[in-house]
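Reader: Hi! Could you walk me through this structure with me asking questions as we go?

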Amino acid sequence: MSRPLRAFDFDSAIARKPGTSVVKGLRAGGQEDPDFEAVSAEHDAYVAALRHAGVEVQVLEPLEAFPDSVFVEDPALVFHEGAILLRPGVGSREGETAAIAPVLRDRFDRVLELGAGYVDGGDVLTTSDRVMIGLSARTDREGAEALISSLAKLGRKGEIVHTPSSVLHFKSDCSLMDDTTILSTQRLAESGVFSGFETLIVPEGEEGAANALRINDTIFLAEGFPGTLALLEGAGYHLATLKTSEIAKIDAGLSCMSLRWLS
Ligand code: CIR
């Protein structure tokens, strides 16, 4: 099968259940620990929503040794053409790559490894014609350049961009709505990184809504952002909201809880 035309068409995904250690997940601010049962309920609803959108989801067992391992997006990238094992840019998460590698080797014929440096998958936005890699506190230039080499082996074009210093990941502030449209915060859009795309800007005060997740014909949006909901509904998209208030205490969005691809 040739490369999918729409970068948001998926039929397969991998997620990982949170372990009880998730309550000690990393956070940049001083947020309180999340409640394990509430995080689990949000995760269960997330997996159910992906399945409802037409995706077969493989749910991996928890990894108690890695509190942030529920965020499977960060240690790897997946495409129709193959997978790339990354190296998360914070010490406590580095071991997550080795933990997910056998699963990806089982699911993909081609599994490449990042040759050098550090990249978190949360800093990588895949569009139909390029893969944007945001430099951040987790993703360094060496890693981004190594990733561009790996992407080229899969026939993909990579582009290095910058991440606003106030956010964890590039994709904390943006997401793909369709092949020509990106949802973004004002602070990221004004840096000019999205040339060639139409941008929809989340209202001031709703920056947390920018990490939405388009899967097939549905856009999943975190609950509690009425202005962004109205903006996207007004643009004609089909929306569904998901509760993320508990998992957000450890800096999570919607994209980070799955790896998604069209098989
Ligand atoms: C971390 O700091 O690594 C986790 N607490 C949150 C990771 C969220 N990942 C993502 O948005 N891709």
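This is a predicted model: local features need pLDDT of at least 70, side-chain atom pairs count only at pLDDT 80 or more; totals for chains, interfaces and linings use all residues.

**Salt bridges and the ligand site**

Reader: Nice. Is Glu 113 buried or exposed?

Author: Glu 113 is exposed, at a relative accessible area of 52%.

Reader: What about Glu 56, which residue does it form a salt bridge with?

Author: With Arg 107, and the closest N and O atoms are 3.3 Å apart. Glu 56 belongs to strand β2 (residues 56-60) and Arg 107 to helix α2 (residues 96-107), so this pair ties together parts that are 51 residues apart in sequence. Both ends are partly exposed: Glu 56 has a relative accessible area of 42%, and Arg 107 is at 29%.

Reader: OK, switching to the ligand. Which residues come nearest?

Author: Of the 13 residues around the ligand, the nearest are Leu 26, Asp 68, Arg 93, Arg 138 and Ile 250.

Reader: Which side chains have an N or O atom 2.8 Å from the ligand?

Author: Asp 68 is one, with a side-chain N or O atom 2.8 Å from a ligand nitrogen. Arg 93 is another, and there the ligand atom is an oxygen, also at 2.8 Å. Asp 74 has a side-chain N or O atom 2.9 Å from a nitrogen atom of the ligand.

Reader: And how much of the ligand does the protein bury?

Author: The protein buries 97% of the 340 Å² that the ligand exposes when taken alone. The space the ligand takes is the largest pocket.

Reader: Let's look at some loops. Where is Thr 185?

Author: Thr 185 sits in the loop between β10 (181-184) and α4 (186-189). Thr 185 is buried, with a relative accessible area of 0%, and its side chain makes a polar contact of 2.7 Å with the side chain of Asp 173.

Reader: And Glu 206, is that one buried or exposed?

Author: Buried, with a relative accessible area of 11%. Glu 206 is in the loop between β11 (198-201) and β12 (213-215). Its C-alpha atom is separated by 11 Å from that of Leu 221, 15 residues apart along the chain.

Reader: Last topic, backbone angles. What is phi of Asn 216?

Author: Phi of Asn 216 is near 55°, a positive value in a residue other than glycine. Asn 216 lies in the loop between β12 and β13 (218-222) and counts as buried at 14% relative accessibility.

Reader: And what is phi of Asp 251?

Author: Near 65°, again a positive value in a residue other than glycine. Asp 251 is in the loop between β14 (239-242) and β15 (259-261). At 28% relative accessibility, Asp 251 is partly exposed.

Key:
Residues are numbered from 1 along each chain as its sequence is written. Side-chain values use heavy atoms; hydrogens and water are left out. A salt bridge is a side-chain nitrogen of Lys or Arg within 4 Å of a carboxyl oxygen of Asp or Glu. Helices (H or I, at least four residues) and strands (E, at least two) are DSSP runs, numbered from the N terminus. Buried means under 20% relative accessible area, exposed over 50%, partly exposed in between (1.4 Å probe, protein chains only). A residue is near a molecule or strand if one of its heavy atoms lies within 4 Å of it. A polar contact is a pair of N or O atoms within 3.5 Å; within protein, one must be able to donate a hydrogen and the other to accept it, and residues adjacent in sequence count only if both atoms are side-chain atoms. Accessible areas come from the Shrake-Rupley method with a 1.4 Å probe; for residues, only the protein chains shown count as cover. On a 1 Å grid over the protein atoms alone, a cavity is a set of points where a 1.4 Å probe fits but cannot get out, and a pocket is an open set with protein on both sides within 12 Å along at least five of seven lines; lining residues have an atom within 4 Å of a point. A molecule sits in a cavity or pocket if more than half of its atoms lie within 2 Å of its grid points.
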